[in-house]
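Trainee: I would like a close look at a single part of this model. Please take me through it, and then through what else can be said.

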Amino acid sequence: WNVDAFRQLRLAHPEASFRLYLHTHPQPPDGMNLPELLERFGLRHPQDAFFAETYNYLLGFSPEYMAHAYRATNVLLHASMGEGFGLAGIEAQACGTPIVTVKWSAQPELTWIGHSTEPAEYEYDAQASWLAVPSTRNILAALEDLYERREEDFAEGTKRAAHYSVEAVRDRYWKPLLDSMEERIAAEKATPGAFVDRREDRLPQAPVPLHVVEIPDRSRETT
């Protein structure tokens, strides 16, 4: 969807010099052959589309590098079938880069600058959850709009992303949650017979195989 929408945008604007940066491994062991996919869409590598440097991608990029990468792009194509949260979208908007997502899961709430596009359809998967299939047409429409607004200042994203800083999330969500858990545990302990050690619930119900139990402990043996 994303690659096809990018291809169509290039065809519609031959006067512009678009390049697609894919921040991933070209051939991940559990994914598709991305250079082959680009070739099928008529995109040349590295002239039209290029990947993150493989060695550094595997080691991990610094926050400074990622900030420069986000700021060097006009838009982050983040349209997928499902996102639990979508940290990359928050990071891009924090750098003032608009994003294109799919109107599903948390994405509508977290897309402040850019577009959260309507999906083409929904699919039910083997994990008993619904997935939203992105619409290439709607992604392309979002890219067209952002291309027309390419000179616009998207500073609003930086302001909104500040609500999701480590300190903000810690103070607004984690601290109240942990405090409430401590209060509940303290209240249960103060009531005779009310406190139950729930660690027992996590013990295996099936017997442990004897051949595992009977393995001798040789940690204290000397030679």
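**Helix H1 and beyond**

Helix H1 spans residues 2-12, and its buried residues are Asn2, Val3, Asp4, Ala5, Phe6 and Leu9. Buried means under 20% relative accessible area, exposed over 50%, and partly exposed in between, with a 1.4 Å probe and protein chains only. Helices (H or I, at least four residues) and strands (E, at least two) are DSSP runs, numbered from the N terminus. This is a predicted model: local features need pLDDT of at least 70, side-chain atom pairs count only at pLDDT 80 or more, and totals for chains, interfaces and linings use all residues. Residues are numbered from 1 along each chain as its sequence is written, and side-chain values use heavy atoms, with hydrogens and water left out.

What do the buried residues of H1 pack against? They pack against strand S1 (20-22), H2, strand S3 (76-77) and helix H7 (136-148). Contact here means heavy atoms within 4.5 Å.

Now to His45. His45 sits in the loop between helix H2 (34-40) and strand S2 (49-51). His45 has a relative accessible area of 45%, so it is partly exposed. Leaving out residues up to four places away in sequence, His45 touches Phe50 and Phe51. Leu20 is 25 residues from His45 along the chain, and their C-alpha atoms are separated by 9.7 Å.
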